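Subject: Handing over a structure, with notes

Dear colleague,

I am passing this structure on to you, and my notes on what was found in it follow below. Please look it over first and then read on.

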Amino acid sequence: EPEPKREPEPQMPVEHKPPQKFSRSFPAELEENYDDAKFIGEGGFAYVFKAKSKKDNRFVAIKIPKEMNEKIGKTFLKEIRIWGDLYHKNIAKFYDANIYPRAYLEIEYVGGGSLEGIKKPVDIEKAAELIYNLLQGLTEAHSKNIYHLDLKPENVLLTLNEEPKITDWGLSKIAKDSKYTAVTGYTLMYAAPELISPKDFGKADCRTDIFQIGIIFYELVTGKNPFDGDTQQQILRNILMEKPKKPSEINAYAKVIDNIIMKCLEKKKEDRYQNVFDMQKDLIEYKDLIEYLKIEYKKSLSENKLTGDPKRSCFYCGELLTVYAAKNDIENTLKYAIDLKNYARGEFKKDIDDIIEKLKY
C-alpha cells in the first residue's frame with residue numbers, strides 16, 4: 001500500500017534583523033582608551049576619528065563600522081586578519097583592534113590628507129614617484145597573495161612629506177580563498193571589468209590592483225577619470241567596452257608614460273602587466289625615475305646640514321639602491337649601498353656590510 005501523502009509542515013519565517021546603526025559621534029565606551037577624539041572622515045562602511053592613544057601617547061586613526069550585522073561583522077574580522085599581516089612603509093600601519101566594547105580598528109594616523117584632496121593634474125615626475133611607491137606597497141601585499149581590490153585616491157593617504165600609504169583593506173581578498181568569485185561594495189569609477197562581470201572577465205587577482213593603479217595614474221596626470229560618464233550605465237559601458245583616450249591627448253607632457261598607463265587599463269587581464277615588478281621596470285625605463293631620485297637625494301643632503309635630520313636622505317638613498325638593483329646595475333647598486341651604510345645602526349649595519357661584500361664579489 002502506498003503511504004498516504006503528508007501535508008508539508010509549515011515553514012517558520014526567517015527573521016532578518018536590521019543592522020544596528022551607529023552615530024557619527026565617538027563611542028563613549030572607547031573614551032577610557034583615547035583622548036581628544038575628532039571626526040575626520042568616513043568611507044563606505046566606517047567612520048574615522050583621529051584620537052590620542054592613552055596607552056602609547058600617540059595620535060592614531062580609529063575606524064569604527066557605521067553599522068553592524070553578521071555580514072559586516074565578518075567583513076570587519078577579515079580586514080583585521082588581512083591588514084594585521086602587512087608591514088611596509090607604503091601601507092598604513094595596523095596597530096590594534098577589538099570587538100569589545102565596540103568594534104574598532106586602531107591604525108596609523110597619516111596627516112597629509114589623501115590623493116583625492118591634492119590638486120590635479122600633477123607633474124609627471126611627481127605622479128610617477130607616487131605610483132612607484134604605491135607599487136612598492138603592493139609588492140608586499142602581493143607577495144603574501146593579498147589583493148586590495150578597492151584602490152582609489154581616497155584609499156591612498158599621504159604623509160606630510162607626500163609619501164603615499166595604502167589604507168582600507170576591507171574588500172581585500174586572499175588568493176587561497178577558492179570560493180571567491182566577485183567583490184561587492186567596490187567603487188564603480190575604479191572598478192576593473194572582472195569586478196563588474198566575473199563571468200565574462202574571470203576572477204579578480206593581482207592584475208585587478210594593476211588596473212586600479214592605472215586609473216589613479218591616469219587621474220594624476222590628466223585630472224580626469226578615464227571612464228567617466230553622465231550615468232552609471234555609461235560608466236559601466238566605458239569600463240567594459242570603450243577604450244579611453246591616451247593621457248597625452250589631454251596632457252601632452254604625459255606622452256612618456258602613455259604606454260604604461262594604457263597597458264594597465266586593458267580590458268582583459270592577460271593584456272595588462274602580469275605583476276607589479278614588470279610595471280615598475282617599465283616605469284623606471286620610460287620616466288627616468290633615477291634622475292628624479294638623484295636630484296631629490298642631492299637636495300636632501302643639503303637639508304641635512306641645516307636640520308640634522310637624515311630621514312629624507314636615507315629614504316632617497318634606499319630608493320636609488322632599489323631602483324638600480326631592479327635594473328641589475330651592480331656598480332650603482334654598490335655605490336648607494338655604501339652610502340646607505342652611513343644611515344645604518346646596529347644589526348642593520350651588519351646587514352648592509354654583508355650586502356656590500358656580495359656586491360663587490
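For the helices, the expected span is taken as 1.5 Å times one less than the number of residues, and helices (H or I, at least four residues) and strands (E, at least two) are DSSP runs numbered from the N terminus. Please keep in mind that this is a predicted model, in which local features need pLDDT of at least 70 and side-chain atom pairs count only at pLDDT 80 or more, while totals for chains, interfaces and linings use all residues. Residues are numbered from 1 along each chain as its sequence is written, and side-chain values use heavy atoms, with hydrogens and water left out.

Helix 12 (residues 347-360) has 14 residues, and the distance from its first C-alpha to its last is 20 Å, close to the 20 Å expected at 1.5 Å a residue. Within this helix, I352, I356 and L359 are buried, where buried means under 20% relative accessible area, exposed over 50% and partly exposed in between (1.4 Å probe, protein chains only). Seen down the axis of helix 12, the buried residues fall within an arc of 65°, so they line one face of the helix; the arc is that of the directions from the helix axis to the C-beta atoms. The face turned away from that buried side carries the exposed residues E347, K350 and K358.

Turning to the strands, there is an open sheet of five strands in the order 2-3-4-7-6, with antiparallel pairing, and two strands count as paired if DSSP finds at least two bridges between them. Its edge strands are strand 2 (34-42) and strand 6, each of which pairs on one side only. Strand 7 (residues 104-108) is mostly covered, with five of its five residues buried. Strand 7 pairs in the antiparallel sense with strand 4 (residues 58-65) over four bridges, where E108 is the bridge partner of V60. Strand 7 also pairs in the antiparallel sense with strand 6 (residues 94-98) over four bridges, and a hairpin of five residues joins strand 6 to strand 7.

Finally, L265 is found in the loop between helix 7 (258-264) and helix 8 (276-287), and L265 counts as buried because its relative accessibility is 4%. Leaving aside residues up to four places away in sequence, L265 touches F211, G214, I215, Y218, P226, F227 and P244, contact meaning heavy atoms within 4.5 Å.

With best wishes
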